[in-house]
Amino acid sequence: MIVKETLHSQAYRHIKNGILNGDFKHNCIYSEQFFADYLNISRTPVREALLRLKREQYVDIFPNRGIMLKSVDAASIISVSELRTAIEGYCAAYLAEHVMTPEGQERLRICEDICRQEEELLASATHDPSTDDIHFIELDLKFHRTINDTPGNVRFLEIMSEIHSYINLLGVSVIKQENRKRESIDENYIILQAIRQGDADAAYHAARYHIDQIKRRLLENGLPDDEIIPDGALRMVEDARSGMFF
């Protein structure tokens, strides 16, 4: 039985973590009662939690049918990666151009501290890999958000917020793969080095390379087992695998 906190908040957290950990299947319709039984609580807080997850685009709710996890297919991976490259590449270059300002130095310091926290997490992995994975992704999202906030472009932040759930889902999927945490930290160091040197072009390409590596790993073997690559996306998958952007 869930205790303390509000039942709605805990239901939200448990279901969201279950989605990120892969406890629920894609292409499967669930009911409110299923999640209520899963958490051993009533349906009311579950309903509130699911509505919040729908707003955040983790699930779809179909009236009189049930709840399904948001689809994570090859086309989504490619489109989200392209959108991230456009925004995050620009923001990394922008920070490199303004790194000597007081704000630029502070953002650089925050990003360096996040990398140190990631190193510590990698070195002291707990007995619960799923919790470590979620914590690592939270740190990584904070790293990129610190860079993306730099230009102060409200529309950028709105767009990134809209695709946050996809970034979170894709990040947890790929971070489970062998050596990916180590590679991700190293790629972030490359981004920081370019920013530190004030090299906007290198910062853009380092950010693009980081996102492209995530896309490659997901397209190669990171899709959920029950997801099918649509026929129309097969050519895009091959194009993404054959391209090199660094």
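Reply: Let's start with a pair of helices: α4 and α8 are roughly perpendicular to each other. Keep in mind that this is a predicted model.

Me: At what angle do the axes of α4 and α8 cross, and within what distance do they come?

Reply: They cross at roughly 110 degrees and come within 11 Å. An angle of 65 to 115 degrees counts as roughly perpendicular, so that is why α4 and α8 get that label. For where to look, α4 covers residues 74–97 and α8 covers residues 164–175.

Me: Is the crossing of α4 and α8 left-handed or right-handed?

Reply: Left-handed, as α4 passes α8.

Me: Which residues make the contact?

Reply: On α4 they are Ser 76, Ile 77, Val 80 and Arg 84, and on α8 they are Tyr 166, Ile 167 and Leu 170.

Me: How many residues of that contact are nonpolar, polar or charged?

Reply: The contact of α4 with α8 has 5 nonpolar residues, 1 polar and 1 charged.

Me: OK, zooming out. How many helices and strands does the protein have?

Reply: There are 11 helices and 2 strands. Reading from the N terminus, the order is α-α-α-β-β-α-α-α-α-α-α-α-α.

Me: And what percentage of the residues count as buried?

Reply: 48% of the 246 residues. Here's another overall figure: among contacts with a separation of 6 or more, 74% come from residues 24 or more positions apart.

Me: Now the strands. In which sense do β1 and β2 pair?

Reply: Antiparallel, over 4 bridges. Strand β1 is residues 59–62, and β2 is residues 66–69.

Me: Which residues in β2 are the bridge partners of Asp 60 and Ile 61?

Reply: Asp 60 has Met 68 as its bridge partner, while Ile 61 has Ile 67.

Me: Which way do the residues of β2 point?

Reply: Gly 66 and Met 68 point one way, Ile 67 and Leu 69 point the other way, and all are buried. In a regular strand, side chains alternate between the two faces of the sheet.

Me: How many residues sit between the strands of that hairpin?

Reply: The hairpin of β1 and β2 has 3 residues between the strands, and Asn 64 there takes a positive phi near 65 degrees.

Me: Where do Asn 27 and Gln 57 lie?

Reply: Asn 27 is in the loop between α1 (7–21) and α2 (32–39), and Gln 57 is in the loop between α3 (43–55) and β1.

Me: Is Asn 27 buried or exposed? And what about Gln 57, is it buried or partly exposed?

Reply: Asn 27 is exposed, with a relative accessible area of 51%. Gln 57 is partly exposed, at 28%.

Me: Last topic: Ile 114. Which helix is it in?

Reply: Ile 114 is in helix α5, residues 102–123. Its relative accessible area is 0%, so Ile 114 is buried.

Me: What is Ile 114 in contact with, leaving aside its neighbours within four places in sequence?

Reply: With those left aside, its contacts are Leu 139, Lys 142, Phe 143 and Thr 146. As for Leu 141, the C-alpha to C-alpha distance from Ile 114 is 10.0 Å, and the two are 27 residues apart in sequence.

Key
Residues numbered from 1 in each chain as written. Predicted model: local features only at pLDDT ≥ 70, side-chain atom pairs only at ≥ 80, totals over all residues. Heavy atoms only, no water. Axes fitted to C-alpha atoms, helices over the stretch in contact; angles between N-to-C directions. Parallel < 35°, antiparallel > 145°, perpendicular 65-115°, else oblique. Left-handed = near helix turned anticlockwise from the far one by under 90°. Contact = heavy atoms within 4.5 Å. Nonpolar A, V, L, I, M, F, W, Y, C, P; charged D, E, K, R; others polar. Buried < 20%, exposed > 50% of the residue type's maximum accessible area, 1.4 Å probe, protein only. Pairing = 2+ DSSP bridges.
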